[in-house]
Amino acid sequence: MAKIDLPQVETHLYINGKWLEGSEGTFEVKNPATGEILATVQKGGEKETKEAIQAANKAFEGWSQTSPAERAKLMNKMADLVENDSERLAKIMTMEQGKPLSQAAAEIQTNVENLRWNAAEGQRILGDIVPSPTTNQWQARKQPVGVVGAITPWNFPSNMIIRKISPAIAAGCTVILKPAKATPLSALALMELFDQAGFPEGVVNIVMGDSSTIGKILSESDDIQKITFTGSTEVGQILNEQAAPTLKKVSMELGGHAPFIIFPDADLELATEMLIKTKFINNGQVCTSPNRIFIHKEIKQKATDLIMEKMKGVSVGNGLDDPTTGPLINEEGIEKIEEQLKDAVDKGAQILCGGKRLTEGEYANGFFFEPTVLDGVTKEMAIFYEETFGPVIPLITFEEEDQVIKDANDTIFGLASYFFSTNIHTVDHVSNQLQYGMVGVNDTAISNSATPFGGVKHSGFGRENGTYGVEEYIEVKFVTIRTAK
């Protein structure tokens, strides 16, 4: 394909309404499809993080007192700017993260929906009048929690930001954003639009740099009242420990290892179609990606044949060409898949298709891996228990409903789960028994602006999206008013 230059984007820190250089030098952002350096970005550290905290703290007093209608007006203006700039934002995302252009465009549209939904929900944060047995009036008031530290991942480098900032500013909080070092350009492009929208200085700030430094300062600061993090369970545990002494509110959206169960009465065409579609979103680099595919023994061969037929339509390439799937984010992602596949094959699994790194021609300088189907997976293999962040479909055979529920729950993770059945008793029983924060029944569309998103067990706690997402940024204050002597 012809070379496409990166759209113009800011590369400085954004603190208190100003674009600033970092005190820690710079770092490079590379295209995972080509290996080329896209941009050199300013790097902040302790100094800039503390400046951002001070700015957000100062801005909180005014922003928290701004009327919900005025906050909504600015958020809707931001939504308009994002929608009007969607083509540029999508190209930036594809070039720094690798996902196909159509998926990047869909992510940007989700940002628009999320901003508008939360703009409206911020005007519906309702308190309560509690009946009192005396003449006193009892009130339960809802108020913004304060300054928020938001730490976001590279796999959804735009939506994870908006999904945290939108409910926070709708509730009246101010925010310091720390995006992933691999994908800061999408975050910076959004900051440009927040600036254009006219948000007051200090309401939204961004500091790029090392997570170990910035995350630690945000977590330990007494001036930060809330930490929201999406990323690995290991990092989430560290942040949670760092935040504990200050007793701040914390929400964590961490790793996942989603089961995808196909029962014998399932619509096989639908189930296999949804499997292929969902598995290769972002090349499998999604915490809700189907990672363990349980298929009933009676339909195993037929389902496998359908999967293999549909795999023929899965294409791999540079995201700008809009294939089914693009590159992995880095070399570490490739190595993890290779290790899991070797372990599985050594223990008896069979690779039905794929299984190798792509290195020839247009793939030479990127992190590309063949879409893979692995059959005969058992609990003796690492891939049964380890989250796979890549384009691998591991097939597992089961016979009994109660046993597959037990096996599906046999993981430290509890984020997303899916199953396919047309039996109403199976639908009711299995959806109740799966130990996950989200269950998709004959469907995989579990992320929506109006519905709660989050997990249990080592997948974290707290919810994003919907009314539940806004509540994460609110404190409840009880007020009693004596109305008579």
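**Close-up 1. Glu253 and the residues that it touches.** Not counting residues up to four places away in sequence, Glu253 touches Met160, Arg163, Phe229, Thr230, Gly231, Cys287, Leu415, Phe453 and Ser459, where contact means heavy atoms within 4.5 Å. The model is a predicted one, in which local features need pLDDT of at least 70 and side-chain atom pairs count only at pLDDT 80 or more, while totals for chains, interfaces and linings use all residues. Residues are numbered from 1 along each chain as its sequence is written, and side-chain values use heavy atoms, with hydrogens and water left out. Glu253 lies in strand E11; helices (H or I, at least four residues) and strands (E, at least two) are DSSP runs, numbered from the N terminus. Because its relative accessibility is 5%, Glu253 counts as buried, a word that here means under 20% relative accessible area, whereas exposed means over 50% and partly exposed lies in between (1.4 Å probe, protein chains only).

**Close-up 2. The two annotated positions, Glu253 and Cys287.** In an unreviewed UniProt entry, the annotation "active site" covers Glu253 and Cys287. These two residues span 35 residues in sequence, yet no two of their C-alpha atoms are more than 9.0 Å apart, so they gather at one spot. UniProt positions are given in the numbering used here, feature names are shortened, and annotations may be inferred rather than shown by experiment. Cys287 sits in the loop between helix H9 (268-279) and strand E13 (290-296), and its relative accessibility of 13% is why Cys287 counts as buried. Leaving out residues up to four places away in sequence, Cys287 touches Asn155, Glu253, Leu254, Gly256, His257, Glu387, Phe389 and Leu415.

Close-up 3. A search of the whole structure finds two cavities of 30 Å³ or more, and about 60 Å³ of space lies in the largest cavity. On a 1 Å grid over the protein atoms alone, a cavity is a set of points where a 1.4 Å probe fits but cannot get out, and lining residues have an atom within 4 Å of a point; grid points are joined across faces, edges and corners, and a volume is the space filled by probe spheres set on the points. The lining of the largest cavity consists of Lys164, Thr228, Phe229, Ser251, Met252, Glu253, Phe453, Gly454, Phe461, Gly462, Arg463 and Glu464. Strand E10 (226-230) and strand E11 (249-253) each supply at least two residues of this lining, and the largest share, three residues, comes from E11. By class, the lining has four nonpolar, four polar and four charged residues, where Ala, Val, Leu, Ile, Met, Phe, Trp, Tyr, Cys and Pro count as nonpolar, Asp, Glu, Lys and Arg as charged, and the others, Gly among them, as polar.

**Close-up 4. The second largest cavity.** The second largest cavity has a volume of about 40 Å³, and its lining is made up of Tyr14, Gly17, Phe194, Asp195, Phe199, Pro200, Glu201, Gly202, Val203 and Val204. Sorted by class, this lining has six nonpolar, two polar and two charged residues.

**Close-up 5. Asn465 and its side-chain contacts.** Asn465 is found in the loop between strand E23 (460-461) and helix H15 (466-471), and since its relative accessibility is 4%, Asn465 counts as buried. The side chain of Asn465 makes a polar contact with the side chain of Asn114 at 3.1 Å, and the side chain of Asn465 also reaches the backbone oxygen of Asn448 at 3.0 Å. A polar contact is a pair of N or O atoms within 3.5 Å; within protein, one must be able to donate a hydrogen and the other to accept it, and residues adjacent in sequence count only if both atoms are side-chain atoms. Apart from neighbours within four places in sequence, the residues in contact with Asn465 are Asn114, Arg163, Ser447, Asn448, Ser449, Thr451, Pro452 and Phe453.

Close-up 6. Most residues other than glycine have a negative phi.

Conventions. On a 1 Å grid over the protein atoms alone, a cavity is a set of points where a 1.4 Å probe fits but cannot get out, and a pocket is an open set with protein on both sides within 12 Å along at least five of seven lines; lining residues have an atom within 4 Å of a point.
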